[in-house]
Amino acid sequence: MRTFLYQRAREPNEAVQLAAAANPASARSRNKVEYLAGGTTLTDLMKLDVAQPDVIIDINPLTETGHGRIELSQRGLRLGALVRMAEAADHSGIRSQYPVVAQSLSQAASQQLRNMASLGGNVLQRTRCTYFRDVSYSECNKRNPGSGCAALTGFNRMHAVLGGSDQCIATYPGDFAQALIALEAAVEIAGRGGSRTIPFANLHRKPGDTPDQETSLRPGEIITSFLIPAAPWTRRSLYLKVRDRQSYEFALASAAVALDQQDGIVRTARIALGGLATVPWRAVEAEAFLRAASLSMSKTLPQRQAPPSPAPKAMATTTSRSNLASAL
Amino acid sequence: MQGRWLARIIGTRAFRRAQRPQNGLTMTKRDPSSGTIMPQSGPDRRSVLMGTVSSAAAPVIARAAQTEARRVAPSASPGKPVDIALTINDREHNVAVDIRTSLLDLLRERLGLTGAKKGCDHGQCGACTVLIDGRRVLSCLTLAVAAQGRDVTTIEGLANDGELHPMQQAFVDHDAFQCGYCTPGQIMSAIGCVNEGHAENDADIREYMSGNLCRCAAYPNIVDAVKQARAQMKTASTQ
């Protein structure tokens, strides 16, 4: 691991101030700054030499502030970015009113990792693409822009079939993000110039020609919370995950589903797919297909419009199908 | 504080250990840690020796003082050891570490607490599991510098005057291991599992212990051990 400068932020504004101070206008070269929360991705990637920060700003002391709080109200659910995955997964109010959120968290990683990992860090976790994580592979446009993509012709069974480009097909690995995008959550972001709120759907960027730019966060910006609006469909929601092992494994395919039904007729459907795409993926076609439909066990989705690519596509359809059955 | 919850778990008097120096390291009261952890400001052995050789000790010290003054200047070379203070098994430890040191390496290589094991060193196997502020975490992915001011409990901190923790005893009773390499991590994780309330049935135990791999596949015995200890820990906590 390369060495770094370690700093601690104790006040909410201090984190972005320290990040700004790390790169003063007068500086000739740019310092790479990373915020440290649970460290479950960052420390791992630093050991692998994939992440090479010059400055680490430890934001864990801010867990004691609003950044570490869960607030449940009539208007919705506010999750501080430093709430730990396990805390939100075990929260009784979230389990009963936003089950898809609790389930997406409890089906991810192991309990040790969930005790460590923050929600803000979770949505920003990096891909598990082997060619990205192993620096002995010289080709990786995400790690080293312009170097190529070894996964395109390599071992890519778990790579993305949606949202990829000829530069990168690395899968977005998270689960919680599918719940957030399905429930049309917003993200609060703090930066040097103040805070802003954007739809969660706008946080992640498809690889396109710049796979190294994964989010719309500007340098030094930090996620402070997630806002999930209350809606009739949040209670009737679930997260279903298909994986190689029963537990402690990334998704081959997963689905976050929320339904508002009346008299057996679907008024609103919210569906997001995980394990299949380069970014958290909202399945708008599937949602439209279900609208005004009457659900039964025999109801199946038409073949998804996914690009022609092998196995995982079929899995997506299977997942959505079994999910709908479960949602009933 | 840690003593209180350990006492609650094992139903005995507060967990205490003699405050004797370990491995030649000095132990003092915890200092309030500063906001920025920077390389030591004083001249270290290497600087002094090199300074003596080059008859340039004074500039070395002056430069070190200057570094201290620029505490938030991230351009400062972060190559020197930092002094950190941690509470491990109810004892204060002050130790100088390389900033990159993981909590696991600190425990094993510097403090002689080799109970926590290095399996994968990437957060995948659970052999390094310890409790921080009572919650099970992976010490291989925890930077020692970031664990300052927290209460760390390792497998060495469980037994009380030679009396095993109920979870340790249960692993012995149920032969819940073969080679034993994953066992300290399994036991720490299992204690966390019971305290979280995730050990109410076999399926839950299997799910919530899935972060601890056992290459010898002692899983059925581990489940039995957790169930035995669960009952004893519950009894102890209500006494």
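Which residue with a positive phi follows helix 4 of chain B? In this predicted model, in which local features need pLDDT of at least 70, side-chain atom pairs count only at pLDDT 80 or more, and totals for chains, interfaces and linings use all residues, that residue is B:Gly112, with a phi near 70 degrees. Residues are numbered from 1 along each chain as its sequence is written, and chains are lettered from A and ligands numbered from 1 in the order in which they are written.

Helices (H or I, at least four residues) and strands (E, at least two) are DSSP runs, numbered from the N terminus. Helix 4 of chain B spans residues 103–110, and its buried residues are B:Leu103, B:Leu104, B:Asp105, B:Leu106 and B:Leu107 (buried: 20 or more other C-beta atoms within 10 Å of the residue's own, with C-beta atoms placed from the backbone). Strand 3 (91–97) of chain B is included in what covers these residues (contact: C-beta atoms, placed from the backbone, within 7 Å).

In chain A, 5 strands form an open antiparallel sheet in the order 4-5-8-6-7, where pairing requires at least two DSSP bridges between two strands. Strand 4 (70–72) and strand 7 (194–199) of chain A are the edge strands, each pairing on one side only. Strand 4 of chain A is joined by 3 bridges to strand 5 (residues 76–80) of chain A; A:Ile70 has A:Leu79 as its bridge partner in strand 5.

The contact between the chains takes 30 residues from chain A and 29 residues from chain B. On the side of chain A that touches chain B, helix 6 of chain A supplies the largest share, 5 residues.

Key
Contact = placed C-beta atoms within 7 Å. Buried ≥ 20, exposed ≤ 12 C-beta atoms within 10 Å, placed from the backbone.
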